[in-house]
Amino acid sequence: MVRQSKLPKRRGVLLRKQVMFCAAFVAGMCEAAVNPCDLEFKLIASRRYMLDNELVISELVPGAVVRPGVQHPFMPYCTSAPTAKYGNGAVAFSAPADAPAEGTVFVGAFYPGVHFSQDVGRLSPGAAALMDIASRDGSMRLRVRAEPGKPVAFSETRAGLALDARLFNAKPVPKPPFRLSAVVAGPTVLLAMRKDGDVRFLGAATLDESPENDIRRRDFAGTLKCAAGFALPPGGTGVMERASVSLTVGVGQADFRIVTDGPGCRPYFENGRIFCTFSARAGHKYTKSVASIDPATFDFRMEGILLTSYGDDDPLLRNDAVNHLFRDSDGTWKAVGCGWSTANNKLGERKGNGLLVMESVKNPLHGITVMKARLLKVGTGISEDPYFTYDAATNKWRLATSSFVKGKGLRAHLWESDRWDGPYVKIAGPGAYDSTGCQIMDFGGRKFVMTANVKRMRPVYEYPSLAYVGEWKCDFEPYDAECSNGRIFTAFAEMPEGYPYRYVMVTMDRQNIPEMPKPNWTYGGMYFYGANP
């Protein structure tokens with residue numbers, strides 16, 4: 001679709017139909033506008049996923065392997081590979097009595113954002129589990145080495161030379177059985193272990209970000225392979241029970257946004273499920289992901305990941321934050337988000353205003369999607385947490401953000417443009433209080449800007465003036481004295497008739513996993529709420 005300063009006629013007709021449908025949708029449910037400050041959101045469910053709820057891309061299941069040399073061959077760079085015997089639901093790797101052996105077998109292709117894991121059943125003394133992300137010839141290789149009783153080890157090499165990778169807070173490896181995990185998020189890797197039912201932090205690595213070695217390089221995707229195996233002393237053995245490459249919800253889930261049908265508030269449905277974008281937390285960085293939710297039971301299901309590219313000449317598949325994602329009336333998908341991939345968590349390194357617009361022809365709600373992204377011009381200064389709406393009354397696009405104000409931190413702002421992709425100019429703000437996770441939400445036909453607050457307030461603002469209205473209420477708060485950070489990220493949605501709650505909301509706490517070195521972005525747990533007028 002050609003971008004113009006004004007909506008083209010066909011686009012305007014489609015959008016007016018969409019707005020009319022949305023109005024009918026709301027009118028059919030609500031007899032009168034609702035003030036969200038008059039509602040009490042009741043906690044219905046809470047949970048936190050820790051490297052589970054996965055979408056498996058490829059896996060080695062020993063009992064299903066008929067031809068190992070074809071299905072799961074040793075990587076060609078393994079010149080002293082052990083023998084591998086399949087049976088009894090496992091693979092036993094063995095070294096000859098008079099020589100050490102070392103080798104890894106193919107599990108699946110690498111893509112940015114994957115969770116690579118190996119279930120280790122047994123290790124003889126002096127043996128170590130290995131997990132490689134490597135080229136076929138081994139010239140590019142990331143390696144995790146886990147030997148019981150020693151700190152986990154990590155290396156990144158190119159043509160046999162060590163690259164600028166650093167491992168922080170390496171923890172001792174326990175005795176097997178355990179599941180060894182490496183979660184790639186941008187140019188970082190989180191190392192973890194599932195032992196006796198608990199997920200334990202093992203270490204956090206930062207990778208070489210030089211242009212030729214950046215793990216996010218487009219030409220590395222699919223070319224690099226995930227391979228699992230062992231380093232064995234003479235006569236040593238190691239037993240693998242399973243290995244997999246998957247898309248995961250990470251060690252914490254955060255920053256939820258409901259996917260909408262059009263640039264507004266109406267949730268997009270498929271087969272009775274709504275969708276949200278969220279941050280699958282993995283240590284220093286995260287991968288922006290998509291999950292589906294059953295609004296009646298709050299069943300949460302991993303669906304895919306969202307990567308970005310800045311054009312055909314961009315060599316990277318980036319880990320930007322795709323926030324508000326919507327299906328447009330022409331069948332394409334559009335989004336607004338934050339350009340984290342250029343920033344390293346530092347305000348001064350963010351490009352432009354720190355915001356991006358993204359587009360996709362492919363349905364981005366399932367599998368791996370690469371969205372085309374470009375900078376979005378929003379006033380001056382740096383902004384976060386963007387949310388779209390199209391205002392039919394003014395024939396304008398509106399954007400709510402949390403924007404930095406000198407001496408006041410993050411404050412709610414409202415911006416306006418003739419085009420969905422800007423440039424945007426300010427029409428309201430800053431809001432009265434520190435605000436994060438700004439969302440424009442329709443309550444019975446009346447819009448408000450919903451936010452949260454570092455001091456555990458939950459400010460609600462009028463739309464479009466951003467005049468302070470009050471706070472939204474809940475019966476159980478997603479924080480306490482030990483988990484006190486109030487900068488939660490809320491996602492509200494209005495349900496059609498037949499659901500137990502007119503309004504639903506999903507949010508998170510900001511509890512990081514222990515022992516992760518700062519910056520620690522491993523929060524949080526999920527909380528599902530419902531409310532009726």
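Leucine 466 is found in the loop between strand 33 and strand 34; strands here are DSSP runs of E of at least two residues, and helices are runs of H or I of at least four, numbered from the N terminus. Phi of leucine 466 is near 65°, which is positive in a residue other than glycine. At 6% relative accessibility, leucine 466 counts as buried, where buried means under 20% relative accessible area, exposed means over 50%, and partly exposed is in between, with a 1.4 Å probe and protein chains only.

Before I go on, the source. This is a predicted model, in which local features need pLDDT of at least 70, side-chain atom pairs count only at pLDDT 80 or more, and totals for chains, interfaces and linings use all residues. Residues are numbered from 1 along each chain as its sequence is written, and side-chain values use heavy atoms, with hydrogens and water left out.

Four strands make an open sheet in the order 31-32-33-34, with antiparallel pairing; two strands pair if DSSP finds at least two bridges between them. At the edges are strand 31 (436-443) and strand 34 (468-471), each of which pairs on one side only. Neighbouring strands of this sheet are turned by 30° against each other on average, direction ignored; the axes are lines fitted to C-alpha atoms, for helices over the stretch in contact, and angles run from 0 to 180 degrees between N-to-C directions. Inside the sheet, strand 32 (residues 446-452) and strand 33 (residues 459-462) pair in the antiparallel sense over three bridges. Methionine 450 has valine 460, in strand 33, as its bridge partner.

Next, the aromatic residues. A pair of aromatic rings is described by the distance of the centres and the angle of the planes. Rings of Phe, Tyr and Trp (its six-membered ring) pair if their centres lie within 6.5 Å; planes under 30 degrees apart count as stacked, over 60 as edge-to-face, and the rest as tilted. By this rule the count comes to 24 aromatic pairs. In one of them, the ring centres of phenylalanine 326 and phenylalanine 388 are 5.7 Å apart and the planes stand at 90°, so the pair is edge-to-face. This pair links distant parts of the chain, with phenylalanine 326 in strand 23 (residues 321-327) and phenylalanine 388 in strand 27 (residues 383-391), 62 residues apart. Both phenylalanine 326 and phenylalanine 388 are buried.

Phenylalanine 326 also forms a tilted pair with tryptophan 397, at 6.3 Å centre to centre and 35° between the planes. Tryptophan 397 lies in strand 28 (residues 396-405) and phenylalanine 326 in strand 23, so this pair ties together parts that are 71 residues apart in sequence. The relative accessible area of phenylalanine 326 is 0%, and tryptophan 397 counts as buried at 1% relative accessibility.

There is also one aromatic cluster formed by Phe41, Phe443, Phe448, Trp472, Phe492 and Tyr503. Tryptophan 472 comes up again with a charge: the charged end of arginine 458 sits over its ring, 5.0 Å from the centre. The criterion is that NZ of Lys or CZ of Arg is within 6 Å of the ring centre and within 35 degrees of the ring normal. Likewise, the charged end of arginine 281 sits over the ring of tyrosine 523, 4.3 Å from its centre.

Now lysine 195. Is lysine 195 buried or exposed? Lysine 195 is buried, with a relative accessible area of 11%, and its place is in strand 13 (residues 188-195). Leaving aside neighbours within four places in sequence, lysine 195 is in contact (heavy atoms within 4.5 Å) with residues including Pro176, Pro177 and Arg200. The side chain of lysine 195 reaches the backbone oxygen of proline 177 at 3.1 Å. Proline 177 lies in the loop between strand 11 (166-168) and strand 12 (178-185), and a cis peptide bond joins it to proline 176, with omega about 10°.

Last, serine 246, in strand 16 (residues 237-247). Serine 246 is buried, with a relative accessible area of 0%. A polar contact of 3.2 Å joins the side chains of serine 246 and glutamate 54; such a contact is a pair of N or O atoms within 3.5 Å, where within protein one must be able to donate a hydrogen and the other to accept it, and residues adjacent in sequence count only if both atoms are side-chain atoms.
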